[in-house]
Amino acid sequence: MISGAASGIGAAIAERYCNEGASVALLDVNRADLSVWANELSSQGFTVAWAVADVADYSACTEACNLLVSQLGPVDTLINNAGISPKHAGKPASFWEMDPEEWRKVVGVNLNGAFNLSRILSPGMAERQFGRILNMSSVAAKVHLPLVAAHYSATKAALIGLTRHLAGELGPYGINVNAIAPGRIETPLLKTVADDINRQAVSQTALRRLGTAEEVADTACFLTSAQSNFVTGQVIDVAGGWLMS
């Protein structure tokens, strides 16, 4: 199951898992884009199901998970990818200017969404003594980046803490929990910021380019595969050496 699966990194992960032969459950709040993407994957012969839900809403998540499980069976792998980073005229709000409601919304999607889906699906994984949970953090969790706001950085840092705690608590039940911290990745989200900001990020990246959603999907596939059975509680940067510390 992949949240935020209608576009960008989530869509790339879904396509990669389909190509690996997995049955894939797609979850997103954007019904129009999600239905188009799900139908495109289905038309290629892949086994997919989809549901619309706001991940910040626990009841909506429960209903969506029940629907998807009824269609595809138990969830072995959960990708908590849904996330938002509001911009205002292409720029993030400063801490002093930030609307408290915007703070609550970002925390609701980026952090509470990961809690909600993990809370709903991990008991079934524990019963089966097998599971994979992957949280999508960010390099913004580790360093100050002026191109994102406080709520985004805070939630992405919290996801790292959640990852490490769940790895310890759920490990005895055969559940591996890891995180990816992407850098600047070519997704629709980049179109909401000025070109000079992306050029600055490229100049600070060792590989001197933006990353691709497919490269994040490659790492996600590894971290949830049998090749990483003994890897848990880790945060893997997929950032091209951006702002190395």
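This is a predicted model: local features need pLDDT of at least 70, side-chain atom pairs count only at pLDDT 80 or more; totals for chains, interfaces and linings use all residues.
Biologist: How many residues does helix 2 have, and how far does it reach?

Modeller: Helix 2 covers residues 31-43, which is 13 residues. From first C-alpha to last it reaches 18 Å, close to the 18 Å expected at 1.5 Å a residue.

Biologist: Which of its residues are buried?

Modeller: Leu 34, Ser 35, Trp 37, Ala 38 and Leu 41 are the buried residues of helix 2. Down the helix axis they fall within an arc of 170°, so they line one face.

Biologist: Why would residues a few places apart point the same way?

Modeller: An α-helix has 3.6 residues a turn, so residues three or four places apart do that.

Biologist: What covers the buried residues of helix 2?

Modeller: The cover includes helix 1 (8-19), strand 2 (24-28) and strand 3 (48-52). On the face turned away from the buried side, helix 2 carries the exposed residues Val 36 and Ser 43.

Biologist: And what happens at the start of helix 2, and just after it?

Modeller: At the start, a side-chain oxygen of Asn 30 reaches to within 3.3 Å of the backbone nitrogen of Ala 32. Just after the helix, Gly 45 takes a positive phi of about 90°.

Biologist: Changing topic. How many cavities of 30 Å³ or more are there?

Modeller: A search of the whole structure finds one. The largest cavity has a volume of about 50 Å³.

Biologist: Which residues lie nearest its centre?

Modeller: Asn 80, Ala 82, Val 109, Asn 110 and Ala 114, out of 13 lining residues. Helix 4 (100-128) and helix 5 (150-170) each give two or more residues to that lining. The largest share, five residues, comes from helix 4.

Notes: Residues are numbered from 1 along each chain as its sequence is written. Side-chain values use heavy atoms; hydrogens and water are left out. Helices (H or I, at least four residues) and strands (E, at least two) are DSSP runs, numbered from the N terminus. The expected span of a helix is 1.5 Å times one less than its number of residues. Buried means under 20% relative accessible area, exposed over 50%, partly exposed in between (1.4 Å probe, protein chains only). The arc is that of the directions from the helix axis to the C-beta atoms. Contact means heavy atoms within 4.5 Å. A polar contact is a pair of N or O atoms within 3.5 Å; within protein, one must be able to donate a hydrogen and the other to accept it, and residues adjacent in sequence count only if both atoms are side-chain atoms. On a 1 Å grid over the protein atoms alone, a cavity is a set of points where a 1.4 Å probe fits but cannot get out, and a pocket is an open set with protein on both sides within 12 Å along at least five of seven lines; lining residues have an atom within 4 Å of a point. Grid points are joined across faces, edges and corners, and a volume is the space filled by probe spheres set on the points.
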